Amino acid sequence: MTLRFTAFLLASLVLAAPVALAANAKEPAGLESAAQRSIAALVAAHGEAARPRAERGVRQVAKLWREEDGDAAAFEAFVQQHFAPDEARRDAMFRRLDGLHEQMDGSLLGTLLAFRWQTDLDLGPVEPYDELFAGYDPFAHVNDDFFANKIAFVVLLNFPLATLDEKLRDGPDWTPQQWAEARLADRYAKRIPAAVSQQIATAYSAADSYIASYNIWMHHLLDERGERLFPAGQRLITHWNLRDELKAQYSDPAGLPRQRMIAEVMERIVTQTIPTAVIDNPHVDWAPRANTVAPAAVQDSDRPKMQGAVTADREPDTRYAKLLDIYRATRLADPYSPAAPSHIARRFEEDRELPEARVEKMLVEVLSSPLMPRVAALIESRLGRPLEPFDIWYNGFRPRGTYTEAQLDEITRRKYPTADAFAADLPNILTGLGFTPERAKYLSERIAVDPARGAGHAWGAARRGDKARLRTRVGKDGMDYKGYNIAVHELGHNVEQTFSLYDVPFHGLSGVPNTAFTEALAFVFQDRDLELLGLSKPDATTDAYGVLDDFWGALEISGVALVDMRVWRWMYAHPEATPAELREATLQIARDVWNEYFAKVFGRRDVVLLAVYSHMISSGLYLPDYPIGVMIALQIKQQVRREGDLGGEFERMSRQGRLTPDLWMERATGAPVGPAALLAATEEALAIVKGR
C-alpha cells in the first residue's frame with residue numbers, strides 16, 4: 001500500500017521551479033522601472049555586498065507582482081520595508097518563518113484529517129455531507145492568501161528560488177539551513193488561484209471516495225459450474241486486496257482456479273464490462289466469465305438490500321470519468337506554471353526532481369533486461385506449468401508462500417483483534433525490526449493507528465507534537481494477513497515521517513526527496529512482516545529469493561508505471577476526450593506495453609491487466625514512484641546488510657531530510673538512484689538459487 005494522500009496534498013505548496021507571471025495576469029504600469037530603482041536603492045542603503053541578493057530578490061517578487069498587489073510605488077515601498085539588510089536579520093526572519101509555516105501546516109492538516117475522518121475510517125455509513133467535507137481542502141487558499149497579504153513576497157524577496165539545475169550543482173555544498181531556505185522559497189514559486197487548487201482537491205477527493213468503496217464480495221463470484229470458490233464474508237477492495245488475494249493463492253495447491261477468477265474480475269473492471277450491480281453489493285451473485293448476474297442465493301452480510309431489479313448493465317465508464325476529472329482539474333494549473341506547463345512536467349521535474357526521460361529510461365532498462373526470461377523460466381519450473389498473465393504477481397519467492405492465507409489470517413487475527421491491539425504492540429514490532437527500546441518508545445508515542453475504510457494509507461504529521469496516522473483495514477473478527485502486511489508497510493512510512501519531521505533541524509527540510517523514497521523505506525519494513533510474526537528467519541538463500549521477488553515485482557510495476565505515463569500523455573494530446581475514448585485508449589496502451597515487454601515471456605498478447613491499479617484513477621501519475629521505490633529499497637537493504645543495523649541505518653537515512661534524490665541516495669548508500677544495484681543483485685541471486 002502507499003502513502004496515497006500526503007504526496008499530492010502538499011503538491012500545491014511545494015513547487016520547485018523558477019517563477020514567472022501567469023499568462024492571464026497583468027502587472028502594474030512601470031513595474032520594470034520600479035524594480036530597477038528598488039535594486040539601486042537597496043544597494044545604496046546597504047552597500048555593494050547586498051547587490052546579488054537585492055537583484056535576485058527584487059526580480060523574484062516582480063515576476064509575480066500583479067496590479068491587485070499595488071502600483072509601482074507600492075512595489076517600491078514594499079521592497080524597501082521588507083528586505084532583510086544583513087545576515088543576522090535574515091537568519092532571524094528565516095527561523096521565524098520556518099516555525100510559523102510548521103504551525104500552519106500542522107493546523108491545516110489537522111483540519112483536513114478531521115474533515116476526512118468519516119470517509120477515511122471504517123466508522124459506519126458515509127453521508128452526503130461527509131463527502132462535501134472530505135472534498136474541502138484547507139490548504140487550497142494558502143497560496144492565494146499569502147500572495148494577497150504579501151507573506152509570499154517577503155519570502156521571495158529574501159530567499160532565493162533555486163532551479164533544479166542549481167540544486168543539483170550546488171546542493172552538495174549547502175548547509176541544512178540553506179536547503180531549508182530553498183524549500184521555503186519553493187512553496188511560493190507559483191501563484192495558483194485558490195479556486196484552481198480547490199477544484200483539484202475536489203477532483204482528487206471524489207476519485208478517492210470512488211476507489212475507497214470499490215469492493216468485490218468474493219463469496220458471490222460463481223465459476224462456470226456455479227460453484228463459489230471464496231469464503232463467505234470476504235470483501236476485497238480493488239485493486240489492492242484483489243491483487244493480494246491472488247498472490248496469497250500461490251501457497252494453496254488448489255488456488256489456480258481462484259487466481260484465474262480474480263484475473264477475470266480485474267479485466268472486467270479495466271474494460272468497464274463489470275456490472276454496476278456487483279460493486280460492493282453482497283446481495284448479487286456474479287459469474288465473471290459469462291458476465292451474468294442474479295439475486296444472491298446465499299446471505300453473508302447484514303447489509304440492507306438495494307431496491308430495484310438486478311441487471312447486468314455495465315458500469316458506465318465511471319472509472320475513466322474520474323480520471324478525466326482529475327486531468328481536467330490539474331490542467332487548470334498549467335497557465336500558472338510556465339516552467340513546468342503540464343501536470344506531467346510538474347510531477348517529474350518538481351515533485352520527484354527526476355526528469356521524465358530519465359525515469360522512463362530506468363523503467364525500460366528493467367523491462368528490457370535479459371534477466372526477465374531467466375527469472376520467468378525459474379518461476380515456471382516452480383509452478384510446474386506455463387506462465388499465465390496474472391503471474392506478473394507471482395510471490396512464491398517469499399517465505400510467506402509456504403503458509404496458506406487462512407493460516408496467516410488466523411495468526412494475525414488472534415494477535416491483532418483491533419487497531420488498538422496493533423498500536424499497543426508497536427514497541428515490540430519496532431524493537432523486532434532493530435530499533436533500540438528507547439527509540440521504539442520514542443516512535444510509538446508519535447504514531448496513532450486507525451481502522452481504514454479503504455485498503456490503508458499513512459498520513460505523516462506536519463508539526464512536531466502531532467502524531468502520524470497509520471491506517472489499515474481491520475475486520476470485525478480482527479486484522480487479517482492482508483491488513484497486517486499493509487500495516488507493516490504503512491508503519492515504515494510513519495517511522496520515516498516521524499524521523500524526517502522531528503529529527504531534522506528545520507521544518508523546511510522535513511520529509512524525503514519524493515514519494516518513491518518513502519515507499520522504498522516502507523518496503524524495507526514490509527519485507528520483514530513474517531519475521532516479526534516469528535515465521536521466518538533470513539539467510540543467504542532467503543535473501544536471494546527476496547531479491548528475485550524484488551526484481552519480478554519491479555518488472556510488473558515498471559510496466560504499470562509506463563501505462564500510467566502514456567495515459568497521461570494521451571490525455572494531454574486529446575484534451576476533449578470522452579470517458580469512453582479514454583477507456584479505449586487506456587486499454588490499447590496497456591496492450592501495447594504488455595506486447596512490447598511481457599508477451600514474449602508469457603506467450604500471450606493483448607493483456608490489459610497492467611491498467612488495473614487504482615492509483616491510476618485517484619492519484620494523478622503516482623505509479624512511477626513504485627518502481628523507483630523498488631530500486632531505492634534494494635540499495636537501502638544492501639546498505640543495511642553491510643552495516644547490520646536496520647534501526648540505526650533507517651534513522652540515519654530518514655534524518656537527512658528533503659534533499660535532491662541523488663544527493664540523498666549518495667549520502668545514504670554511496671550511489672545515485674538507479675536500477676544497476678537491482679539488476680546486479682538479481683544476477684547474483686540467480687546464481688545462488690541455481691547453485692542450491
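Two strands pair if DSSP finds at least two bridges between them. Strands (E, at least two residues) and helices (H or I, at least four) are DSSP runs, numbered from the N terminus. The model is predicted: local features need pLDDT of at least 70, side-chain atom pairs count only at pLDDT 80 or more, and totals for chains, interfaces and linings use all residues. Residues are numbered from 1 along each chain as its sequence is written, and side-chain values use heavy atoms, with hydrogens and water left out.

**View 1. Strand β5 and its partner β7.** D450 stands opposite R471 in β7. The strands β5 (residues 447-451) and β7 (residues 468-472) run parallel, joined by 5 bridges. Of the 5 residues of β5, 4 are buried, so the rest of the structure largely encloses this strand. Buried means under 20% relative accessible area, exposed means over 50%, and partly exposed lies in between (1.4 Å probe, protein chains only). In a regular strand, side chains alternate between the two faces of the sheet.

View 2. A salt bridge is a side-chain nitrogen of Lys or Arg within 4 Å of a carboxyl oxygen of Asp or Glu. The structure holds 64 of them. R464 forms one with E102, with the closest N and O atoms 2.6 Å apart. R464 lies in the loop between β6 (456-459) and β7, and E102 in helix α5 (residues 87-115), so the pair ties together parts 362 residues apart in sequence. R464 is partly exposed, at 30% relative accessibility. E102 is buried, at 6%. R187 and D105 also meet through their side chains (2.8 Å, N to O).

View 3. The side chains of K476 and D302 meet in a salt bridge (3.9 Å, N to O). K476 lies in the loop between β7 and α23 (481-502), and D302 in the loop between β4 (292-295) and α15 (318-331), so the pair ties together parts 174 residues apart in sequence. Both K476 and D302 are exposed. Elsewhere, salt bridges that share partners join R116, D120, D208, D450, R469 and R471 into one network.

**View 4. The second largest pocket.** On a 1 Å grid over the protein atoms alone, a pocket is an open set of points where a 1.4 Å probe fits, with protein on both sides within 12 Å along at least five of seven lines; lining residues have an atom within 4 Å of a point. The volume of this pocket is about 480 Å³. Of its 24 lining residues, D527, R528, P538, D543 and R641 are the closest to the centre. The elements giving two or more residues to the lining are α25 (529-532), α26 (540-573) and α30 (625-643). The largest share, 5 residues, comes from α26.

View 5. H219 sits in the loop between β1 (215-217) and β2 (235-237). With a relative accessible area of 15%, H219 is buried. Contact means heavy atoms within 4.5 Å. Not counting residues up to four places away in sequence, H219 touches R228, F230, P231, A232, G233, Q234, V298 and D300.

**View 6. Q407 and Y481.** Q407 lies in helix α19 (residues 405-415). At 41% relative accessibility, Q407 is partly exposed. Q407 and Y481 are 74 residues apart in sequence and 9.0 Å apart in space, C-alpha to C-alpha.

Technical notes. Points joined across faces, edges and corners; volume = space filled by probe spheres on them.
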